[in-house]
Amino acid sequence: MIGLQIFRNDGSLSLNLTNRIIKPLGEFYAQLGEQQYIVDDKIVGKNIAIFYVSATIIKTGTHQANIFPNNIYIKSNKICWEFLGNANIDSKAHIPESYTVYRCKFSYGWY
């Protein structure tokens, strides 16, 4: 384990930051028009942190759609995300062809 632990003279723990370090679990990609969740049984019962890594242009247009999912949440053993507004998957047919579409990469871990 990596972290910071400070002990008192009597040997008892004064400061323990070991459990504050993020332990990586995996990564996922969010893209308009694709499945909007991943299943990972390792997240059940843990505090999960999710980090944006990068975005790749999938389709070029004169306008930008939402780069990031507007809502990312945990539901049991799933990490779910939603695109809202113009980039809502339910209204995909209404998105003008001139919009740029991104594929966003995220990593996640527990602490």
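This is a predicted model: local features need pLDDT of at least 70, side-chain atom pairs count only at pLDDT 80 or more; totals for chains, interfaces and linings use all residues.

Reader: How are the rings of Phe28 and Tyr108 arranged, then?

Author: Their centres are 6.1 Å apart and the planes make an angle of 45 degrees, so the pair counts as tilted. Phe28 belongs to strand β3 and Tyr108 to strand β9, so to speak two distant parts of the chain, 80 residues apart.

Reader: How many aromatic pairs are there in the whole structure?

Author: The search finds 4. One of them is Phe28 with Phe106, and that pair is stacked because the planes are at 15 degrees, with 5.2 Å between the ring centres. It also links strands β3 and β9, with the two residues 78 apart in the chain.

Reader: And Phe106, buried or exposed?

Author: Buried, as its relative accessible area is 4%. Phe28 is at 2% relative accessibility, so that one counts as buried too.

Reader: Which residues make up the aromatic cluster?

Author: Phe28, Phe106 and Tyr108, together with Tyr52 and Trp81.

Reader: OK, what else does Phe28 contact, leaving aside its neighbours within four places in sequence?

Author: Among its contacts are Ile38, Ile50, Ile79, Cys104 and Lys105.

Reader: On to the largest nonpolar core. Which members touch the most others?

Author: That core has 15 residues, and the ones touching the most other members are Phe28, Ile38, Ile43, Ile79, Trp81 and Tyr108. Two or more residues each come from β3 (23-31), β8 (78-82) and β9 (99-110).

Reader: Which element gives the largest share?

Author: β9, with 5 residues. As general background, nonpolar side chains in soluble globular proteins tend to be buried together.

Reader: Switching topic: where does Gln31 lie?

Author: In strand β3. Gln31 counts as buried because its relative accessibility is 10%, under the 20% cut-off.

Reader: What does Gln31 touch, not counting residues up to four places away in sequence?

Author: Ile58, Trp81, Phe83, Val101, Tyr102 and Arg103.

Reader: Last one, on Trp110. What sits over its ring?

Author: The charged end of Lys23 does, 4.9 Å from the ring centre. Lys46 also lies over the face of Trp110, and there the distance to the ring centre is 5.4 Å.

Key
Residues are numbered from 1 along each chain as its sequence is written. Side-chain values use heavy atoms; hydrogens and water are left out. A nonpolar core is a set of buried Ala, Val, Leu, Ile, Met, Phe, Trp, Tyr and Cys residues joined through side-chain atoms within 4.5 Å. Buried means under 20% relative accessible area, exposed over 50%, partly exposed in between (1.4 Å probe, protein chains only). Helices (H or I, at least four residues) and strands (E, at least two) are DSSP runs, numbered from the N terminus. Contact means heavy atoms within 4.5 Å. Rings of Phe, Tyr and Trp (its six-membered ring) pair if their centres lie within 6.5 Å; planes under 30 degrees apart count as stacked, over 60 as edge-to-face and the rest as tilted. A charge sits over a ring if NZ of Lys or CZ of Arg is within 6 Å of the ring centre and within 35 degrees of the ring normal.
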